[in-house]
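I am opening a notebook page for this structure, and I want to write down what I look up, one topic at a time.

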Amino acid sequence: NSSLKAGDLQRMNSLVSTSHLQLAAFALGTIGWILCTVSMGIVEWRVWHVDNTTVISSGIAWVGIWKVCFISYLYVSPGYREQFCHKFSGYDSFIPHEIYAAQGLLLLAMFMGLLGLAATIFALRNVYMGVTHKPLIAPFFLVGGFFYISAGLCVLIPVSWNFYSVTHNQSIAFPPSFYMPSSPAAQEAGAAIPVGIVAVILLLLSGTFSLSYRFPMTANTITKS
């Protein structure tokens, strides 16, 4: 019995020692998923500088993927005396394709990131509980890696596309009710884009670490529950 317990302990140590990268993948994936969610909620995707400050008092407007906001000292809408925001709806035909893509792909990235975290948690739980059954560990690390990389790519596309639109100073044909010009005097990337870039890097690193897992041969001798 003592030799059996020693063997179990050795196999468990072997599992743990080969899972350090996957533990790092879980940590990086968690931070990447949080940053993905944060970037989705930040309104500063594109920062517009406008010449006419009659309504947009600060001369700066923030264009996000869900709404556009600016500071106004005029009473431009009931309930808004300083910051005026107008939300986008699914029926707004003026919204450019990169914003539509960001809405869908970031929601998909958030869902895939959650699936990746769940798969990694299940695999790590089995590793640290000493479950030496290969089908309960290796496939879940691989599945987690697939979801992390998929989530990273889903963030990369809208971030790159919107950054391209910023660098080329592309316009948006806002309706009159938005109090926004169709073209800014200049525009720059807002805080959401660098946050999204960091999320992409972390998610892709996490996926790479998860996919690199190799089940130790010394542990593939016993099934323990």
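Before listing any neighbours, I note that contact means heavy atoms within 4.5 Å. I also note at the outset that this is a predicted model.

**Entry on S210.** I first looked up where S210 sits, and I found this residue in helix α5, which covers residues 192-211. Is S210 buried or exposed? With a relative accessible area of 0%, S210 is under the 20% limit, and therefore counts as buried. Leaving out residues up to four places away in sequence, I listed Q22, A25, T120, F141, L142, G144, G145 and Y148 as the residues that S210 touches.

**Entry on two helices.** I remind myself that two packed helices are described by the angle between their axes and the distance between the axes. For helix α3 (residues 97-128) and helix α4 (residues 138-167), I noted that the axes come within 7 Å and cross at roughly 160°. Since angles over 145 degrees count as roughly antiparallel, α3 is roughly antiparallel to α4. I wrote down that the crossing in which α3 passes α4 is left-handed. Which kinds of residue make up the contact of α3 with α4? I found 26 nonpolar residues, eight polar ones and one charged one there.

**Entry on aromatic rings.** Next I turned to the rings, where centres must lie within 6.5 Å for a pair to be counted, and the count came to 10 aromatic pairs. In one of these, the rings of F84 and Y179 have centres 5.4 Å apart and planes at 80°, so I recorded the pair as edge-to-face. Because F84 lies in strand β4 (residues 83-87) and Y179 in the loop between α4 and β5 (186-189), the pair ties together parts that are 95 residues apart in sequence.

Definitions and conventions: Residues are numbered from 1 along each chain as its sequence is written. This is a predicted model: local features need pLDDT of at least 70, side-chain atom pairs count only at pLDDT 80 or more; totals for chains, interfaces and linings use all residues. Side-chain values use heavy atoms; hydrogens and water are left out. Axes are lines fitted to C-alpha atoms, for helices over the stretch in contact, and angles run from 0 to 180 degrees between N-to-C directions. Helices (H or I, at least four residues) and strands (E, at least two) are DSSP runs, numbered from the N terminus. Angles under 35 degrees count as roughly parallel, over 145 as roughly antiparallel, 65 to 115 as roughly perpendicular and the rest as oblique. A crossing is left-handed if the near helix is turned anticlockwise from the far one by less than a right angle, and right-handed if clockwise. Ala, Val, Leu, Ile, Met, Phe, Trp, Tyr, Cys and Pro count as nonpolar, Asp, Glu, Lys and Arg as charged, and the others, Gly among them, as polar. Rings of Phe, Tyr and Trp (its six-membered ring) pair if their centres lie within 6.5 Å; planes under 30 degrees apart count as stacked, over 60 as edge-to-face and the rest as tilted. Buried means under 20% relative accessible area, exposed over 50%, partly exposed in between (1.4 Å probe, protein chains only).
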